[in-house]
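Keep the viewer open and try each task before reading on.

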Amino acid sequence: MNYSSRLRELITSPETLIMPDAYDPLSARLIETVGFQAVQCSGYSMSLATGCSSEAALGLERNLAMTKAIVEAVDVPVMADGEDGFGDPSVVAETVRAFIRVGVAGINIEDQVLGEPGPKRVVDRGLMVQKIRAARTAAQQDGVPDLVINGRTDALVAAANRADGLTDAVERANLYLDAGADLAFVVGVTTMAEVQALVAGIHGPVSIAAGLPNNIHSLSIVDLKACGVARVSLP
């Protein structure tokens with residue numbers, strides 16, 4: 001099976017794709033066994049499972065090793081958590097190639113500044129666009145043009161107020177899609193009104209994380225499907 005093509009089909013299907021997050025081979029196999037069609041890797045959960053002091057402390061090599069074990073444990077597409085790409089655009093290209101070698105069908109690349117103390121921040125839009133372009137070029141050069149790139153923005157969480165954050169998230173998501181991302185992942189969403197604004201404003205497939213403490217009582221899978229969300233991840 002071409003897992004990248006399969007994942008792309010699932011994301012572009014009229015049916016919302018539900019992707020629970022895995023952190024080791026057992027959790028991935030459980031996700032597959034109960035009938036989910038794809039698995040999302042979670043760097044944050046991997047860091048917890050391995051006793052790391054932080055998500056940033058997990059590092060690329062341990063992330064790759066765990067992702068490889070997850071890919072080998074299941075027979076469904078797996079999307080890697082590529083964090084911030086682990087460096088500048090040239091490093092992002094090598095990161096994507098490394099994840100392709102372990103067999104992933106897709107990869108998250110995020111715009112948050114990872115591992116720094118203090119309030120959450122996001123990188124300059126232009127830098128993130130360069131990272132997305134580098135990721136897409138690397139996939140094409142490595143013979144995996146269908147690799148699904150999930151452009152994640154933390155702008156909603158990083159903003160001083162929700163209204164500005166929502167606007168920034170929409171604008172960033174569209175820039176990332178234009179740069180070569182296949183999917184726009186906005187984190188920190190807490191209300192269906194925000195979901196509706198994102199789906200209306202983003203010119204491509206939208207991904208939302210649900211089941212979290214900040215939205216478990218306000219976002220239901222049924223409502224997210226009805227709103228037209230392309231993918232729901234379950235951290």
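**Exercise 1.** Which element gives the largest share of the lining of the largest pocket?

*Solution.* Start with the ground rules: this is a predicted model, where local features need pLDDT of at least 70, side-chain atom pairs count only at pLDDT 80 or more, and totals for chains, interfaces and linings use all residues. Residues are numbered from 1 along each chain as its sequence is written, and side-chain values use heavy atoms, with hydrogens and water left out.

Next, find the pocket (on a 1 Å grid over the protein atoms alone, an open set of points where a 1.4 Å probe fits, with protein on both sides within 12 Å along at least five of seven lines; lining residues have an atom within 4 Å of a point). Its lining counts 34 residues, and Y44, E55, Q112, K120 and R152 lie nearest the centre.

Then sort by element (DSSP runs numbered from the N terminus: helices, H or I, of at least four residues; strands, E, of at least two). Two or more lining residues come from each of strand 2 (39-41), helix 3 (43-49), strand 4 (106-110) and strand 8 (231-234). The largest share, 4 residues, belongs to helix 3.

**Exercise 2.** Find the ring that the charged end of R231 sits over.

*Solution.* Apply the test: NZ of Lys or CZ of Arg within 6 Å of the ring centre and within 35 degrees of the ring normal. The ring is that of F185, with its centre 5.4 Å from the charged end of R231.

**Exercise 3.** List residues that L147 touches beyond four places in sequence.

*Solution.* The partners of L147 include S4, R8, V96, I100, R136 and D182.

Conventions:
Contact means heavy atoms within 4.5 Å.
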